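Hello,

I am passing on the model we talked about, with a few notes on one helix and the sheet beside it. Please have a look at it first, then read on.

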Amino acid sequence: MTDKELENLIVDDNHGIIYCYIPKVACTNWKRVMFVLNQSEPYDDPSSVPSNLVHVPKMFTLLNSFPRTEMKAKLKHYTKFLFVRDPFVRLISAYRDKFMHVNEHFYQNFGRYILRLYGNQPNTPNTAQEAFASGVRPSFHNFIQYLVDPQTLNKGPFEPHWRQMTRLCHPCLIQYDFVGHQETLQEDADLLLKMLTLKDEVKFPPSSVNMTSPDSVLDWFRPVSLEDRRKLYQLYEEDFRFFGYERPSKLLDG
């Protein structure tokens, strides 16, 4: 693996932990936990850590900052964990977060392009604020059209918020000690902290109500053609299979 492929692995040398973070899978709250574990005891409540703070570049020590020999030793001896989520629900969550709110970065880098190519909007507003005010934004269907377009694939890896989980954390090459699931987040978080002997030291923040529920997936995908649904599944099939998620037959079998 290249150093670039290891950029999502956060290292905590004090506790011998490596966390591979996946955007849109409780990543902010786990980064909060990792942040307080880097401070002195008694640890602060992770819930008190501002969410924007944990997303500041270079806030954490990454595995790829070490020499190769040290990387291998840490991967061998440290406790490695990640949290995963139903791949299609994660995509819906990414869409809602990045395209249904004013987000200048995602509008300029993705939204305008998607609107022009798939949304029949050759003259897009100049800013996200203007677009939002005039009710212009890519539909979820447009977003899926963008993902399944071979042109998008030819440009290289997906943006991390919708990049395949297997391509962010490489579970074929890294043997993780714990794989938690968003669907059972609180129970899995408690189990992990117990396994790390940190249950009495730090408490995982309570998660907000998950507005992207697995039950709503059919509604979101209703405007998406069967052909595009099947293409999308092919893109994320490894995520479904590797992490034990059932093939969404209601979406794919017509």
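In helix H2 (residues 68–77), Met-71, Lys-74 and Leu-75 are buried, meaning under 20% relative accessible area with a 1.4 Å probe, protein chains only (exposed is over 50%). Helices are DSSP runs of H or I with at least four residues, strands are E runs of at least two, and both are numbered from the N terminus. Seen down the axis of H2, these buried residues fall within an arc of 100 degrees, so they line one face of the helix; the arc is taken from the directions from the helix axis to the C-beta atoms. Turned away from that side are the exposed residues Thr-69, Lys-72, Lys-76 and His-77.

This is a predicted model, so local features need pLDDT of at least 70 and side-chain atom pairs count only at 80 or more, while totals for chains, interfaces and linings use all residues. Residues are numbered from 1 along each chain as its sequence is written, and side-chain values use heavy atoms, without hydrogens and water.

What do the buried residues of H2 pack against? Their partners are strands E1 (9–12), E2 (17–20) and E3 (79–84), with contact meaning heavy atoms within 4.5 Å.

Now the sheet: it is open, with 4 strands in the order E1-E2-E3-E4 and mixed pairing, where two strands pair if DSSP finds at least two bridges between them. E1 and E4 (178–181) are the edge strands, each pairing on one side only. E2 and E3 pair in the parallel sense over 4 bridges, and Cys-20 has Leu-82 in E3 as its bridge partner.

Best wishes
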